[in-house]
Amino acid sequence: MSDVLDDTATDSNPVATRRSAAGRLYHGETAIDFHGRRFIGLGASAVLLLVSLVTLVFGGLNLSLEFKGGVVWDVPSETLTESRAREILDANELDGAAARIQVLSSAEAGRTVSVQVGDQPDAVRQIVQKAFADEVGVTAEDVATTSVSSTWGKSITTKALRALVIFLVLVALFITWRLQWQMALAAIASMLHDVLLSVGLYALFGFEVTPATVVAFLTILGFSLYDTIVVFDKVSENQERYHGSRMPYADIINVSMNQVLMRSLNTSLAAVLPVLSLLVLGAGVMGAGTLSDFALALLVGLLTGSYSSIFVAAPIVTLLREREPKFKPLMGRHSTGAELERLVLGGTPSVRRDPSRQRAGDADRPTPKSEGLTHEPRPRKKKRRV
Amino acid sequence: MRKRLVVTLVGLFVIAYGLLIGTLATGTRPALGLDLQGGISVTQEPKEGTPFSDASLDLAVEKIRERIDSLGVAEPEILRQGNTIVVNLPGVKNQQQAVDLVQVTGQVYLRPVLSQCQTVDLSALGSDTTAAASETTGVGAETTVAEPQTTGATETTAGAGPSRPVSGDNVAVAPETTAGIMPISATETTVPMVISPAPDTTGVASETTAAPETTTVGSTSPDTTVVIGPTSSVPVDENGLPIAISNPTTAQFLPTFGANPPEYCYVGPAQGSGEVFKDNATATVLNGGWGVVVDLRDGAAGNDVWNSLASQCYYKDTTCPTGQLSIELDGSLQSVANVNEPSFNGSVQISGSFTQDEAQQLARVINSGSLPVTLQLQSVQNVSPTLGRDSLKAAWVSGFVGVLLVLVFMAFYYRTLGLIVALGLTVSGSLLWGIVSLLSRTNGLALSLSGIAGIIVSVGVTVDSYVVFFERLKDEVRAGRSLRNSAMRGFQGAWRTIVIADLVSLIGALVLWYLTVGAVRGFAFFLGLSTACDLLVSYFFTRPMVLLLARTSWMEKRKVMGIEVSSAPAGGAA
């Protein structure tokens, strides 16, 4: 690393030669004032969260058998009708009217009638399995059954929730250690935002929540945290870099967001493409039903995961930090436009806030990084010679 | 420096592709989980609010594994997560059979032996001996598959219960059918074990017979043929012998544990459970050989039950005509021993020709039986294999297409650097395939749908590592640094980011893996594995690859990265 000073930009005046919007994006020269528009993002998120919460509270989630407990018989038959299935249940002293019956059709597996009732003893499950098999003329083994006791459903839910809480505490500690507690708070808040939005989507459309869905929610959780940390790492790097200069916190955030924008777009595209393929090709064209739940939840989660890092997590950190004594005097004076663009390209803050150091043409000249230091390097410690 | 980079790169290539070729060549493939190949999943948990010993639960898991192994199910998955036992049986179609198999009780029963134990002549099994039941103990229906809705099994021995012993004559039932007849050569087996009061409490020095096992093998005189289990639905092990399902209310044939050749004993209904003992059984040296010493619980639940049983056997009552008492755990007789005293006072010792291991196993069984676990069926899931096959195909195809799309995008955006991503993904893919194949061979890991989906999703995270690196590389190059310098600085910055972000994923994977069950656990495993692979590949593949390429003049062409590279050599521009 001999060439610390080797920092001269090839283009001496990047602001002067404007590229198209896409070109600037490609070359990392965007200067979007994210901070100034923070309330658009926060507001949109707040509205969506409110909708999610309202549907969750009033609609509730459509939990699958694994969480509620119950018995399902999947009867392969081209002819079995819903009413006949209910009669069979009634004949076996089950409440046929209360059963949930779905008719599923797929090209390869044919028509299947899925009959679901509440928690039943194992003996009842077998008797009814036999009854259905006799009715449609197959062996009992061909009628697939699934039974889950309601206590078991509760216990896996509690286990998963406990795991989640422990995970969040550990992650918060980890982020506090490697970055800052404000970032830990913001990362977890934006993660909750993403998970709540996907869960809300399930409540809104009444999709069934299966163990596969829970796996999808967890993936969203993981991805959201991952993405936020990549973004925050950039912020943290810029905090160190501008440590000596008097710069509003909003500027640090704005610069970081612009620098990380292309990476975020690329990553979300790279993450979304396989999931989109899973949804369109796997679930849509090839008809693997288990996959559609999963892929849909993931798609929404991955998109919000990338979005929330920039539009939710970053504003929260700004909110928490811009009032600190160091940044408070500079609040509300963040750079925009050309000045921001200059900062994004690696320039140091303009000296306009410090008139004593102003020199002509300073604003246009990208300054080497080392000039950003406002204080002299600490003199080398004298080593005692033996 | 350059040499080290080349060595690192070549090393990783050799490991990754070697692993891939090795597993492909030996035909090791990832085992497919239940949701992919179809089968049955049964979950059990101890009954809530009932105390049980850990030893008992351990033993129950072992017992389940033993039964499933003897059934010869390919790639079974037996998971113990906390107190929950999950058994996944891929490829098994008969649900009832699976449920019966995995429902071990953990109960230890004391059952009198009604007739001498006999070895099974395996060589005679193949012949279609349709000999009818003979002798006194021709028993048919007793080896029953417990079907809760039919009470047929108990009807044959109406009135029989642990408290009301039934004489051997009453339970002799003619076989209903000759299907599944198994000839047993009537070889007398000298029982090598003896039960006697502990010397320190009774002062009676019990003379142990300590007879060597004189089990004669292979005397194929089928004059005494005993029929076991005529019902065809009884699960059968690899030797064609029925896997015994314990029914403590009726007399039945049960195999003795670990006997080779297989040995069956006809035992009466249970007259007591392992709860008569305290859980202080220890294996110790008795009379020069290994044995087990255990104390009895006081009062009606312990001493009284045991002594009434001991006296029946000592005086060879009709309920215990052989004078032998067996200790049964889930359908296999852990010990068959002569009772040496009619009355015991607080302590029992079992001696015989035990090895140390056998004595310790027996002590474990007795301890677990003193506070047995009661497992409750929590869920039975039947996954249809047709659905599984479709899902698998869909997941593979869409995953493949998805990765291809990502590569096209990478090539579009990063131009030739996209090739590095493609190469890197083959390295990650080879590593993942190799590790999953190896683990599924050695540890019984199965690749489930959520696992595959986890891997597909991890493609995004893996690609992100390249994106973070390349973006930094471009930033550095734009700032006018030489390529070689940019590559080094770029990686340092990117590596910091990658490590922090991946560590969070790893923490999540570990926590979820330890604390959850089922699909979530499978997902956590594959998330952790692919994250670890990401770290490995970033450091040992991407870093040396880009650093080495950055030294060539090839990278400086505009089309390689899509941006202008300053042609000034390092350090020369300032």
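Which residues of E8(B) lie on one side and which on the other, and are they buried or exposed? In this predicted model, B:Glu263, B:Cys265 and B:Val267 are on one side of the strand, while B:Tyr264 and B:Tyr266 are on the other, and every one of these residues is buried. Strand E8 of chain B spans residues 263-267, and because 5 of its 5 residues are buried, the strand is largely enclosed by the rest of the structure. Burial here refers to having 20 or more other C-beta atoms within 10 Å of the residue's own.

The strands that pair with E8(B) come next. Strand E5 of chain B, residues 108-119, runs antiparallel to E8(B) and is joined to it by 4 bridges. Within E8(B), B:Tyr266 has B:Ser115 standing opposite. Strand E7 of chain B, residues 252-255, is likewise antiparallel to E8(B), with 4 bridges between the two. B:Cys265 in E8(B) is the bridge partner of B:Leu254.

Of the contacts in chain A between residues at least 6 apart in sequence, 76% join residues at least 24 apart. Helix H9 of chain A covers residues 249-285 and has a kink of about 45° centred on A:Val260. H9(A) is mostly covered, with 31 of its 37 residues buried.

Note on methods: Residues are numbered from 1 along each chain as its sequence is written. Chains are lettered from A and ligands numbered from 1 in the order in which they are written. This is a predicted model: local features need pLDDT of at least 70, side-chain atom pairs count only at pLDDT 80 or more; totals for chains, interfaces and linings use all residues. Two residues are in contact if their C-beta atoms, placed from the backbone, lie within 7 Å. A residue is buried if 20 or more other C-beta atoms lie within 10 Å of its own, exposed if 12 or fewer, and partly exposed in between; C-beta atoms are placed from the backbone. Two strands pair if DSSP finds at least two bridges between them. The bend at a residue is the angle between axes fitted to the seven residues ending there and the seven starting there.
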